[in-house]
Amino acid sequence: MELIPNLPNDVARECLLRASYKQFPIIASVCKSWNREVSLSEFFQQRKSSGHSQELLVLSQARVDPDKESGSGKNFATPEYRVAVLESGSGLWTELPPIPSRSNGLPLFCSLVSVGSDLVVLGGLDPVTWQASESVFVFSFLTSTWRVGTTMPGVRRSFFGCASDSDRTVWVAGGHDEEKQALTSAMVYDVAEDKWTFLPDLTRERDECKAIFHAGRFHVIGGYATEEQGQFSKTAESFEVSTWRWGPLTEDFLDSGDTVSSPICAVGENGDDLYACWRGDVMVMKDDTWQKVGQIPADVYNVAYVAVRPGKLIVIGNGNALGGHGEATVGYICDLSSFGWVKMETQVGHVQAGCFLEV
C-alpha cells in the first residue's frame, strides 16, 4: 500500500522522516498506514541516522508567577512543577500538557527518564499531602498524550536512584520508605509491557543514591544507610543484566573526600566514557580511574541534571542557595575538546530533575 499516492514509498517515507515531532499526532491520525509507519522503532532509528531527529531537553521545573515573585524574589510556598521542554536546535521553550487529574502539577522530587519516544515520570511526593507517591505516568511524543502506568510495587519509596536503558526499561533502586528507613530493594519497569519485576536486593541500604545505566549494567552509586543519615557512602554496585545478578561492591567508587552527596553521572556519547559532576568538579573515568577534566562554573550552586551529547557536556542547575522556587535556572554547555563553557539561555524556575530525548 502506498504511503502517499503516486509516490514511491521510499520517497514518501523520507517526507515523514523530515516532519517535526510536534506533527506526529497529526500524522498518526491521518490514516492507518501513516500511524503504523511512525509507530515503528525503525522509523525513529532512521530519523536519527539520517540527521532528522530533534533533541529535546526535558525538565521538571517550578512554574513562576511574576506577580508573586516580584519584590523579594523569593517565595517559599510549595511550588507547582510542570514539564518544560527545550528544543535544542531552535532554542524554543515549550511546556507539555499537564498530567490529567494532577491539578497541583508534578509530584515533588519525581524522577524523569526517557525511553524511546516516551517520557516516564516516576514517584515523588504529593504536592499537597507530601506523602510518597508510587505513581507512574508516561507521555508519548508520538501521540502527545499521557497514560497511567502500573504503579511501583512494594513499599512507597522516595529519593531513590533511577535510570533508563533509553530503549525499553526503567531501573529503580534504594531510597527510603514512609518510615524514613533506607531501602535495599530494586526493580525494573518494562514500559512497553507496563510491567514491574523485582531485582535481587542491593548489598547495602542506599537512601538518596544516584543511578545510571552504562555498558549493559545498572549502576547504583552512593547513598547512605538509615543509621548514617546523610553520611554518603563512596561505594557503588552494578547489576549485570545478562546474568541477572549484582557484581561485587566497588569500594571508593569516588576518591576520598567529602561524603555529603552522591555524584551525578552521565554516559559519554560512545557509551564508554563515564562523566561525573561532584564537589564542583567535572570528572571522567579513564582506565577505571577518575580524572578531573574541568570545573563547574561558580554560578551553578546546585547541579540538577547532567547529560553528554555529541562533543559536549550539558550541566543544568540552580543558581541561588537561598532563593525560592523562582530562582534562576543556570545551564552551561561544555566543549569536550577544549573544556570551555558557554552559558545557555534558560527559564526562571527551580529545576528538580531532567532528561534528554531524541525523537
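Reader: Which residue forms a salt bridge with E87, and how far apart are the closest N and O atoms?

Author: In this predicted model, E87 forms a salt bridge with K22, and the closest N and O atoms are 2.9 Å apart. The two partners come from distant parts of the chain: E87 belongs to strand 2 (residues 81-87), K22 to the loop between helix 1 and helix 2, and 65 residues separate them.

Reader: How should I read the salt bridge of E95 with R82?

Author: The closest N and O atoms of E95 and R82 are 2.9 Å apart. E95 is partly exposed, with a relative accessible area of 36%, whereas R82 is buried at 12%. Salt bridges that share partners join R63, E80, R82 and E95 into one network.

Reader: How many salt bridges does a search of the whole structure find?

Author: The search finds 18 salt bridges. One of them joins the side chains of E14 and R18, at 3.2 Å from N to O. Here E14 is partly exposed, with a relative accessible area of 29%, and R18 is exposed at 56%.

Reader: What is found around D177, which is buried yet has no salt bridge?

Author: A salt bridge requires a side-chain nitrogen of Lys or Arg within 4 Å of a carboxyl oxygen of Asp or Glu. For D177, the nearest side chain of opposite charge is that of K180, 8.1 Å away. The side chain of D177 does reach the backbone nitrogen of E179, at 2.8 Å. D177 itself lies in the loop between strand 9 (169-173) and strand 10 (186-190). Apart from neighbours within four places in sequence, D177 is in contact with V155, R156 and L183.

Reader: Where does D190 lie, and is D190 buried or exposed?

Author: D190 lies in strand 10. Its relative accessible area is 15%, so D190 is buried. Setting aside neighbours within four places in sequence, D190 is in contact with R168, T169 and K195.

Reader: How is the chain divided into domains, and what area do domain 1 and domain 2 bury between them?

Author: Domain 1 covers 9-47 and domain 2 covers 97-262. The contact takes 6 residues from domain 1 and 5 residues from domain 2. Between them the two domains bury about 460 Å², 78% of it on carbon and sulfur atoms. Y21, P25 and F44 supply 63% of the area that domain 1 buries against domain 2, more than any other three residues. Between the domains the count is 0 salt bridges, and it is likewise 0 for residue pairs in polar contact, both at pLDDT 80 or more. On the side of domain 1 that touches domain 2, helix 2 (24-30) and helix 3 (32-39) are the elements that give two or more residues.

Notes. Residues are numbered from 1 along each chain as its sequence is written. This is a predicted model: local features need pLDDT of at least 70, side-chain atom pairs count only at pLDDT 80 or more; totals for chains, interfaces and linings use all residues. Side-chain values use heavy atoms; hydrogens and water are left out. Helices (H or I, at least four residues) and strands (E, at least two) are DSSP runs, numbered from the N terminus. Buried means under 20% relative accessible area, exposed over 50%, partly exposed in between (1.4 Å probe, protein chains only). Lys and Arg count as positive and Asp and Glu as negative; His and the chain ends are not counted. A polar contact is a pair of N or O atoms within 3.5 Å; within protein, one must be able to donate a hydrogen and the other to accept it, and residues adjacent in sequence count only if both atoms are side-chain atoms. Contact means heavy atoms within 4.5 Å. Domain bounds come from an automatic or database domain assignment. Buried area is the accessible area (1.4 Å probe) that two parts lose on being put together, summed over both.
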